[in-house]
Amino acid sequence: MPAHASQDRQSLHYIVRSGIAGGISGCVAKTVVAPLDRVKILFQASNPDFQKYAGTWSGTFRAVSQIYGENGFRGLLQGHSATLLRIFPYAAIKFMAYDQLEGLLMPTRESQTNTRRFTAGALSGMTSVLFTYPLELIRVRMAFSTRSAANPSVPYQRPSFLSAMRHIYREGGPLATAAPSPSTPHASIFTRFPILKFYRGFTVTVAGIIPYAGTSFLAWGFLRAHFLPPTAPASTPLADLAIGAVSGAFAQTVSYPFEVVRRRMQVGGLTRPDRWLRWGETVRAVWGAAGWRGFYVGLTIGYLKVVPMSAVSYAVWQWERRILDL
């Protein structure tokens with residue numbers, strides 16, 4: 001980092017440039033892995049049309065082939081518009097927050113510890129999730145929709161961003177909800193506060209982002225400090241790609257069970273629109289269906305997606321930091 005950059009880290013000019021660098025890096029990385037992202041969501045949320053493919057490397061590519069055969073290339077990118085709407089502010093806030101927290105918690109190289117790296121990463125991830133979670137829920141709903149899951153008497157139409165948003169907002173409404181029962185104690189919450197419908201699975205997301213973002217930035221900082229000491233030449237794009245890939249793999253392994261539970265809770269409005277699915281019942285449902293392996297369904301495609309995504313994200317972020325003089 002240039003010497004003057006650390007002095008104006010809290011200036012508006014620096015913050016805006018930092019956010020732009022993070023946002024663009026996130027969009028580029030997500031676009032690279034968009035087809036795999038959709039298949040992973042279908043596996044994690046146990047879409048009945050694709051469960052037969054889950055659990056194997058070849059199944060991932062057969063699922064991609066089926067989506068392409070039914071809906072063409074646009075089917076592989078279904079939900080990607082919502083992804084980009086979400087990922088730019090998400091990545092911008094995450095990397096911008098990390099820049100600020102790094103300056104506060106680790107102002108010098110000597111003060112960089114693994115605990116502080118983890119803390120800075122976890123807090124930056126939590127901040128970005130808080131502001132962008134509704135966009136994530138809409139994206140998941142768009143990606144979850146498939147042709148055969150729709151009403152066979154109605155021609156299938158890919159859900160748009162606005163149609164998915166309207167559907168979520170209307171879930172559990174007076175026309176969609178049966179008579180109240182003792183098992184639906186939270187039904188009135190959605191009627192009184194419809195915005196909460198866009199936060200299904202939020203608590204497990206926050207719990208999952210702590211180990212994911214924390215481990216990712218911890219590994220990134222540790223590996224760079226170990227392999228790129230002050231006396232070494234400046235990092236190259238290849239080094240950034242390699243370190244970013246390893247960081248993503250570690251983070252994915254640690255946080256994946258949280259992600260499976262989160263996906264189930266996010267699509268819960270399609271199966272139980274009248275109420276809020278709880279952590280406990282979602283965990284029990286996953287365990288009852290497949291045991292401990294159920295918490296790692298789709299992990300192979302998770303690696304296929306997260307490793308290159310993390311590599312590209314960190315590499316583009318570093319490239320832009322150099323261009324923008326951060």
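A salt bridge is taken here as a side-chain nitrogen of Lys or Arg within 4 Å of a carboxyl oxygen of Asp or Glu. The views below come from a predicted model, in which local features need pLDDT of at least 70 and side-chain atom pairs count only at pLDDT 80 or more, whereas totals for chains, interfaces and linings use all residues. Residues are numbered from 1 along each chain as its sequence is written, and side-chain values use heavy atoms, with hydrogens and water left out.

**View 1. R224, D240 and R322 are linked in a network of salt bridges.** R224 pairs with D240, the closest N and O atoms being 3.0 Å apart. R224 belongs to helix 8 (residues 202–227) and D240 to helix 9 (residues 237–266), so this pair ties together parts that are 16 residues apart in sequence; helices are DSSP runs of H or I with at least four residues, strands are runs of E with at least two, and both are numbered from the N terminus. D240 also meets the side chain of R322 in a salt bridge, at 3.5 Å from N to O. Since R322 lies in helix 12 and D240 in helix 9, the pair ties together parts that are 82 residues apart in sequence. D240 is buried, at 0% relative accessibility, while R322 is partly exposed, with a relative accessible area of 41%; buried means under 20% relative accessible area, exposed over 50%, and partly exposed in between, using a 1.4 Å probe and protein chains only.

**View 2. R9 forms a salt bridge with E102.** The closest N and O atoms of R9 and E102 are 3.8 Å apart. The pair links distant parts of the chain, with R9 in the segment before helix 1 (12–32) and E102 in helix 4, 93 residues apart. Both R9 and E102 are buried.

**View 3. Helix 4 passes helix 12 in a right-handed crossing.** A crossing is called right-handed if the near helix is turned clockwise from the far one by less than a right angle, and left-handed if anticlockwise. The axes of helix 4 (residues 80–105) and helix 12 (residues 299–323) come within 13 Å and cross at roughly 60°; axes are lines fitted to C-alpha atoms, for helices over the stretch in contact, and angles run from 0 to 180 degrees between N-to-C directions. From helix 4, F95, Y98 and D99 meet S313, Y314, W317 and R321 of helix 12, where contact means heavy atoms within 4.5 Å. By class, this contact has four nonpolar, one polar and two charged residues.

**View 4. E320 is buried yet has no salt bridge.** E320 lies in helix 12, and its nearest side chain of opposite charge, R321, is 9.9 Å away. Leaving aside residues up to four places away in sequence, E320 touches I20, A21, I24 and S25.

**View 5. R166 lies in helix 6 (residues 161–170).** R166 is partly exposed, with a relative accessible area of 41%. The C-alpha atoms of R166 and I138, which are 28 residues apart along the chain, are separated by 9.7 Å.

**View 6. The protein chain has 12 helices and zero strands.** Buried residues make up 52% of the 326 residues in the protein chain. Among contacts between residues at least 6 apart in sequence, 81% join residues at least 24 apart.

Notes. Ala, Val, Leu, Ile, Met, Phe, Trp, Tyr, Cys and Pro count as nonpolar, Asp, Glu, Lys and Arg as charged, and the others, Gly among them, as polar. Lys and Arg count as positive and Asp and Glu as negative; His and the chain ends are not counted.
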